[in-house]
Structures are given as C-alpha cells and as structure tokens.
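Have the model open in your viewer, with the chains coloured separately.

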Amino acid sequence: MRRGVLGLLSAIVLAGAFVPSASALHALTLLFVFAIMAAAWNLVAGLAGVIDLGLVGFFGLGGYATGLLVAKTGLPFAVAWITGGLLCVGFAILMALALRRFPAPYFAVATLAASFALREVASNWTALTGGDAGLSLPPQLISARAMYFLMVGLLTVVLALTWWIGRHRPELVPAYAAMGWFVGLVGGAFACWTGFLDPAAAFDLGVTVEVIAMAVVGGVGTVGGPLAGAAVLTTLSALLNGYAPNFHLLALALLIALFQWLAPKGLMAAATAASGYYLRK
Amino acid sequence: MRVLNLAHGAFVMLGAYVTLGLWQRLGVDPFLSIPICMAAMFGLGWVVQRPVATSRILITFGLGLALVDLSLNLFGPDVRSIQTAYSGSAQGRAFTFVAALGLVFLARLLAACVRPERFQGLVFAVCAATSGAAGSLTAVDFSFTPTSGVFYTPLAVAVCLLGGMGSIPGAFAGGIALGIAATLTGAFFGPGWQNTVVFGLLLVGLLLRPKPAEAGV
C-alpha cells in the first residue's frame with residue numbers, strides 16, 4: 001500500500017517535470033488545486049464532523065491578501081503568500097471559536113453567510129480592492145511549473161495530515177484552522193498564477209459547491225476520497241462545460257444531494273467494498 | 001421540528017416566480033395567488049421529504065442550489081418584479097403586512113395542532129408551503145432573481161435566531177428588527193452592505209442564545 005502511494009506520487013512529480021504540453025500541465029494543476037481544497041474541507045467535515053459551507057471565503061481572502069500585498073507593497077511572492085495563509089488561519093480560528101458551541105447546522109449557515117459578507121467587503125471597499133472591476137496583478141509572479149509543484153507539495157501535506165489526524169482525536173478549532181491555511185494558500189497561489197482578482201470569481205459560491213461535491217462523491221472522512229472525487233468531477237466538469245455549460249452547477253448540486261441521500265460514504269467505500277468482495281472470491 | 005432547511009430560500013424564490021407567472025400569464029393578483037403558491041410548494045415539499053428526513057444538511061443545501069440553478073435556466077438571470085396598481089403604495093405595504101401577520105398566525109395554529117416529531121414529512125411540506133406564500137409577498141414589494149434563493153436562507157436563520165428558535169411570535173419580532181437594521185444600513189452605507197449586516201446579526205443572534213448546547217437542531 002505504502003509503496004503504491006509513493007510510486008503514484010513520484011509518477012505525478014515526474015509527470016509535472018516532463019509533461020510537454022502547457023495545457024496538460026494546466027489541467028493537472030487545476031485538478032490538484034481542487035483536490036487540495038476538497039481534502040481540506042474533508043478535514044473539517046469528515047474528521048471533525050462539522051459541515052462548512054463558506055470554504056470559498058478563505059479562497060478569496062487568501063487570494064486578495066496575497067495579491068494586494070504583492071501589488072501594493074511589493075513584497076516578494078513567498079512572503080505575501082505565507083502572510084495571506086496566516087491571515088486565513090487567524091480568521092478561521094476566530095470563526096471556529098465563536099461558533100464551536102453551536103449545533104452543526106448553525107455553523108453551516110454562519111460560514112455560508114461569512115463568505116457572502118467577505119465578498120461584499122471585496123466589492124465595496126473600492127479604494128483597497130478596486131471593487132467589482134477587479135484588480136490586475138503584476139504578470140509572471142509564479143511560473144506554471146512552479147505552481148504545479150507548489151500544488152503537488154500542498155496536496156501531499158494535506159493528505160498526510162488527513163491520515164495523521166484520522167488516527168488521533170480530531171478537534172474542530174485546529175481542523176478549521178488547517179482548512180483555512182490550505183484553502184488560503186491555494187487561493188493566494190491561484191490569484192498570482194492567473195494574475196487577476198475580482199469578487200465574483202474569488203468568492204464564487206460555485207467553488208464551494210464543486211469542492212463539496214468532490215469530497216462527497218469521493219468519500220467524506222477517507223484519506224483518498226477527496227482526490228478520487230476531484231479526479232472524477234474534474235472530468236465530468238470538463239464534459240459538462242463542453243456540452244451543457246448551463247447545467248454545471250445543477251449537476252453538482254444534484255450529485256451532492258443524491259450521494260448524501262443514497263451513498264453517504266461515497267465512491268471510496270463502494271470501491272473498498274467491491275475490491276473486498278472480489279478478492280475474497 | 002429541529003431540522004435546519006437550507007433549501008428554504010429556494011422555496012421562497014420559487015414562490016415569487018410562481019406568483020410572477022400567474023400575474024403575467026393569467027393576470028392573477030399576487031395576493032390571490034398565495035393559496036396556489038402554498039399548494040404548489042406543499043406538493044414539492046411532500047415529494048422531497050424522504051431524503052430530507054435523513055436530516056443531513058448537505059441534502060437540503062444541494063436541493064436548494066439545484067432549484068436555484070434550474071430556475072436560472074428556466075427563467076433567466078434577469079431581475080424581476082411585479083408592478084401592480086398598489087405596488088409601493090402605503091395601502092399595498094399595509095396589506096402585505098396584514099397578510100404576513102395572517103401567515104404568522106396560520107403557522108402558529110399549525111404548530112399547535114401538529115406534533116412535529118410524528119409528522120416530519122408533513123411539517124416539512126407545511127414549511128415549504130409557508131415559504132411559497134412568503135415568496136408571493138416578497139414578489140409584491142421587492143425585485144428578485146433566481147440567485148435570491150441562496151441569500152434568503154441565512155436571512156431567515158438570522159431572523160429566527162434574533163427572535164428565538166422555536167418561537168413563532170419571536171420570529172416575527174426578529175424579522176421586524178432585521179428589516180429595520182437592513183433598511184438603516186442601506187440608508188447610511190448603501191445597499192451593498194446588507195449581507196454583511198445579516199451575517200453580523202446572525203453572529204450576534206448565535207452569541208446571545210442563552211443555552212446553546214441544550215437547544216439542539
């Protein structure tokens with residue numbers, strides 16, 4: 001098992017080092033961007049057992065913090081990136097401390113409302129963020145290949161953390177802080193990679209929905225589930241965006257509801273059950 | 001009933017669109033379409049009660065979003081409103097208020113008659129029907145889009161928390177308090193900050209709850 005995981009990881013790293021086409025590297029990077037966020041959401045939902053609906057708030061907050069630090073103060077990318085991540089950790093700890101005494105559904109609604117509120121701040125604080133018109137960042141802050149390796153690194157760490165936390169007693173506040181850290185870092189790197197920030201994209205509810213759908217389809221509470229879900233849904237999303245772009249969000253929302261109703265353990269549990277069945281035969 | 005319905009806002013939004021459709025196609029007055037809306041939303045609530053009864057919150061979250069996105073495809077993203085002869089007039093507003101008060105009493109009556117723990121499906125359908133009626137009333141006074149359905153849910157939860165969960169007169173008082181707060185914010189800082197106010201009040205409501213651990217959902 002462990003040898004298989006190591007083999008897979010080195011294959012992924014080598015693929016990034018030698019992939020010839022820019023578009024294939026882009027697609028793989030995007031897959032890992034979502035897989036990291038799905039794994040981070042899974043730390044809270046799968047291990048601490050509390051549903052978060054405001055994940056995109058950290059994606060946007062990390063993006064704006066990193067982007068603004070780079071664009072307005074001229075800090076080097078690495079410093080701005082880590083600072084943005086730490087800001088998200090601080091915000092996550094405040095939220096979790098304020099909300100941890102309450103039943104899970106209130107936590108879900110409050111985090112959803114927090115992501116709406118953050119979007120409003122980004123839209124209305126025009127002097128700082130440029131408002132709805134958006135903000136262009138300096139070009140070439142981070143190369144495509146560097147972005148790829150950053151995402152591979154973050155994915156490895158978040159999956160290892162999932163495995164480690166799963167063997168200990170998960171607590172809400174540290175789990176939520178870890179989610180803020182990973183999602184904030186992804187948001188910061190993503191903003192510098194694309195070179196543009198605007199409230200509609202940085203705080204798009206669709207990102208939360210896609211990430212939750214990945215974790216739910218793959219298997220909430222498992223180590224590999226979010227990665228498997230990200231692989232399945234990225235493929236599905238590419239197909240949908242090609243043939244029926246208007247039904248993308250509808251399909252994701254229905255998948256979340258149907259999987260939670262009929263197969264709450266997701267594809268990983270089904271795969272484990274199937275492999276156990278065939279191996280026994 | 002102690003289940004938080006995250007599809008609530010989507011039901012309100014659908015109620016508004018049913019009212020708009022009846023008004024545009026058949027000329028039905030928005031107030032007269034309240035019972036039709038209620039019946040339609042009761043039916044929808046009844047249909048989806050089985051997955052909802054598992055009380056996994058992601059199910060109603062997914063369901064609400066699916067309804068919002070379906071409405072985006074069916075009705076388009078444009079901002080809609082209903083222009084009646086009494087829209088915006090003092091009489092129209094007063095009548096909306098009286099109708100809302102009537103709905104609150106109806107909900108109170110139903111809550112007194114039904115034992116929620118035994119008829120979860122029925123309570124959910126009644127809740128959907130009330131949301132549909134709220135949609136009719138919303139359509140008279142406000143403009144709406146399919147995505148409004150996403151924003152009504154935190155709004156409704158904030159209202160209930162301010163007034164005290166499980167208390168229907170409390171919810172009414174909470175609604176008035178939140179309405180005043182939102183209007184004042186709109187007047188002083190501009191309408192763009194209203195979601196931030198809702199989030200702030202939601203936090204205040206959560207932190208003011210006396211014994212959060214006992215009042216489970």
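Start in chain A, where ring pairs join Phe58(A), Phe91(A), Phe107(A) and Tyr176(A) into a cluster. Keep in mind as you look that this is a predicted model. Searching the whole structure, over all chains, gives 14 aromatic pairs.

Two of the pairs in chain B are worth a visit. In one of them, Tyr17(B) and Phe75(B) have ring centres 4.4 Å apart and planes at 10 degrees; the cut-off for stacking is under 30 degrees, so this pair is stacked. Where do the two partners sit? Tyr17(B) belongs to helix α1 (residues 8-26) of chain B and Phe75(B) to helix α4 of chain B, so the pair ties together parts that are 58 residues apart in sequence. Their surroundings can be read from the accessibility values. Tyr17(B) has 5% relative accessibility and counts as buried, because the limit for that class is under 20%. Phe75(B), at 30% relative accessibility, counts as partly exposed.

Now move to Phe42(B) and Trp46(B), an aromatic pair that is also stacked, with 6.3 Å from centre to centre and 10 degrees between the planes.

Let us turn to the interface. There, 38 residues of chain B are in contact with 38 residues of chain A. The area buried between chain B and chain A is about 3500 Å², and carbon and sulfur atoms give 79% of that area. How many salt bridges are counted between chain B and chain A? The count is 0. As for polar contact, the rule finds 4 residue pairs across the interface, both residues being at pLDDT 80 or more.

Which elements of chain B give two or more residues to the side that touches chain A? They are α3 (49-52), α4 (57-75), α7 (148-163) and α9 (194-208) of chain B. Of these, α4(B) gives the most, with 11 residues. By type, the residues on the side of chain B that touches chain A divide into 26 nonpolar, 8 polar and 4 charged.

Terms used: Residues are numbered from 1 along each chain as its sequence is written. Chains are lettered from A and ligands numbered from 1 in the order in which they are written. This is a predicted model: local features need pLDDT of at least 70, side-chain atom pairs count only at pLDDT 80 or more; totals for chains, interfaces and linings use all residues. Side-chain values use heavy atoms; hydrogens and water are left out. Contact means heavy atoms within 4.5 Å. Buried area is the accessible area (1.4 Å probe) that two parts lose on being put together, summed over both. A salt bridge is a side-chain nitrogen of Lys or Arg within 4 Å of a carboxyl oxygen of Asp or Glu. A polar contact is a pair of N or O atoms within 3.5 Å; within protein, one must be able to donate a hydrogen and the other to accept it, and residues adjacent in sequence count only if both atoms are side-chain atoms. Helices (H or I, at least four residues) and strands (E, at least two) are DSSP runs, numbered from the N terminus. Ala, Val, Leu, Ile, Met, Phe, Trp, Tyr, Cys and Pro count as nonpolar, Asp, Glu, Lys and Arg as charged, and the others, Gly among them, as polar. Rings of Phe, Tyr and Trp (its six-membered ring) pair if their centres lie within 6.5 Å; planes under 30 degrees apart count as stacked, over 60 as edge-to-face and the rest as tilted. Buried means under 20% relative accessible area, exposed over 50%, partly exposed in between (1.4 Å probe, protein chains only).
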